[in-house]
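Colleague: I've just opened this one and would like to go through it with you. Can you bring it up?

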Amino acid sequence: GAPTPKRKVENPEEEIQSLTLMKVMKDEVLFGLLWEFAVEELCGEMVMFWKETDDYAKLDSGSERREKLNNLWTNYIDPASATEMNMSGDHRAQFTRAYEAEGDPPQDMFDDVQIVLWVEMNTELYPRFLRSEKLRSFFYDCPDSPTTLRSRKKLEDFFGMEIKGNVTRSEVVKVVETTGFEKLDSKRRVKAARRHSFSGATGDNRASEKRQHSSSTKTRAPELGDQATFQATAPKRSESVKKIRRTNSESMKQLMHVQGGGTGGVDRKRAGKGTSPSFGLGGGPDSDDEA
């Protein structure tokens, strides 16, 4: 038949956990899923028999109940039926008597067998159905709406991985806490390393600029074109230096001769004339003061 349509919910896991067997039986689509699962588990007739006996109990018309009982006998009670129900001998005998009797069958005829089937379904079949891939795919694998599809693609581009299931906040948090977070953290580390390397390069450039500025403030060395002139004038510069040194040397000798000779001490004649006395560095016979 046609594939079962998917059901989109905000939180699939919470929706599954909130289900009960009664909710499933009353929901047309979920009941179809349960019946398909029961067929795979080789007990599909149990689910259908309970469902049809429940419909039988809701009929108020005796003629309608008779027609329904005939269908139930043919499909589930008759030993020759391909979908014969496995039931106790007492229940089988009860249904056979009602089927063969004249008049309207009682409305509560299937109540006891329904209780037995309900306990068996609720304790054995239904727990396996809740864990089945058939039920989970019904809630999780819903086709995306255009808005959800765009959100899914954005998340996949951001985290660099496939985002499965519903695009809900809880699912995104799970992705971030697991593989998606590791990939995101890796991207952040790469960006931080790039910023660090850029700032380091900028610091090196600034240091280089400071060195260049410092060197530019110092005396610039002769360019290649000035080196020939600089070397040609070297003898003349050397002669000037020697001349300056000779002049300084002669001046020093004269000064030392005047200060260290016989004219040292106090020139009393000049002192008597009112001139300022001159003091020598060296002492002669006139260097001692007389009382």
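Predicted model: local features only at pLDDT ≥ 70, side-chain atom pairs only at ≥ 80, totals over all residues.

Colleague: OK, what is the phi of leucine 42 like, positive or negative?

Modeller: The phi of leucine 42 is positive, about 65 degrees, although the residue is not a glycine.

Colleague: And is leucine 42 buried or exposed?

Modeller: Its relative accessible area is 73%, and because the cut-off for exposed is over 50%, leucine 42 counts as exposed.

Colleague: Stepping back, how many helices and strands does the chain have?

Modeller: There are 14 helices and zero strands. Of the 291 residues in the chain, 24% count as buried, and the accessible surface comes to about 20700 Å², with 53% of that belonging to carbon and sulfur atoms.

Colleague: What share of the contacts with a separation of 6 or more comes from residues 24 or more positions apart?

Modeller: Those residues account for 59% of such contacts in the chain.

Colleague: Now the inside. Which residues have the most contacts within the largest nonpolar core?

Modeller: That core has 39 residues, and the ones with the most contacts inside it are Phe49, Phe110 and Leu125. The elements giving two or more residues to this core are helix 2 (21-26), helix 3 (28-40), helix 4 (44-57), helix 5 (62-77), helix 6 (89-100), helix 7 (111-130) and helix 8 (133-140). As a general remark, nonpolar side chains tend to be buried together in soluble globular proteins.

Colleague: What is phenylalanine 49 in contact with, leaving aside neighbours within four places in sequence?

Modeller: Phenylalanine 49 is in contact with Leu72, Tyr76, Met85, Met87, Phe95, Phe110, Val113 and Leu117.

Colleague: Switching to charges, how many salt bridges does the count come to?

Modeller: The count comes to seven salt bridges. One of them pairs glutamate 36 with lysine 134, where the closest N and O atoms are 3.5 Å apart. That pair links distant parts of the chain, with glutamate 36 in helix 3 and lysine 134 in helix 8, 98 residues apart.

Colleague: How accessible are glutamate 36 and lysine 134?

Modeller: Glutamate 36 is partly exposed at a relative accessible area of 30%, and lysine 134 also counts as partly exposed, with a value of 22%.

Colleague: What about glutamate 52, which residue does it form a salt bridge with?

Modeller: Glutamate 52 forms a salt bridge with lysine 68, with 3.7 Å between the closest N and O atoms. Here glutamate 52 is in helix 4 and lysine 68 in helix 5, 16 residues apart. Glutamate 52 has a relative accessible area of 15%, so it counts as buried.

Colleague: And which residue does glutamate 84 pair with?

Modeller: Glutamate 84 has a salt bridge to arginine 92, with the closest N and O atoms 3.1 Å apart, and glutamate 84 is partly exposed at 31% relative accessible area.

Note on methods:
Residues numbered from 1 in each chain as written. Heavy atoms only, no water. Helix = DSSP H or I, 4+ residues; strand = E, 2+ residues; numbered from the N terminus. Buried < 20%, exposed > 50% of the residue type's maximum accessible area, 1.4 Å probe, protein only. Contact = heavy atoms within 4.5 Å. Areas by Shrake-Rupley, 256 points an atom, 1.4 Å probe, with all protein chains shown as cover. Core = buried A, V, L, I, M, F, W, Y, C linked by side-chain atoms within 4.5 Å. Salt bridge = Lys/Arg side-chain N within 4 Å of Asp/Glu carboxyl O.
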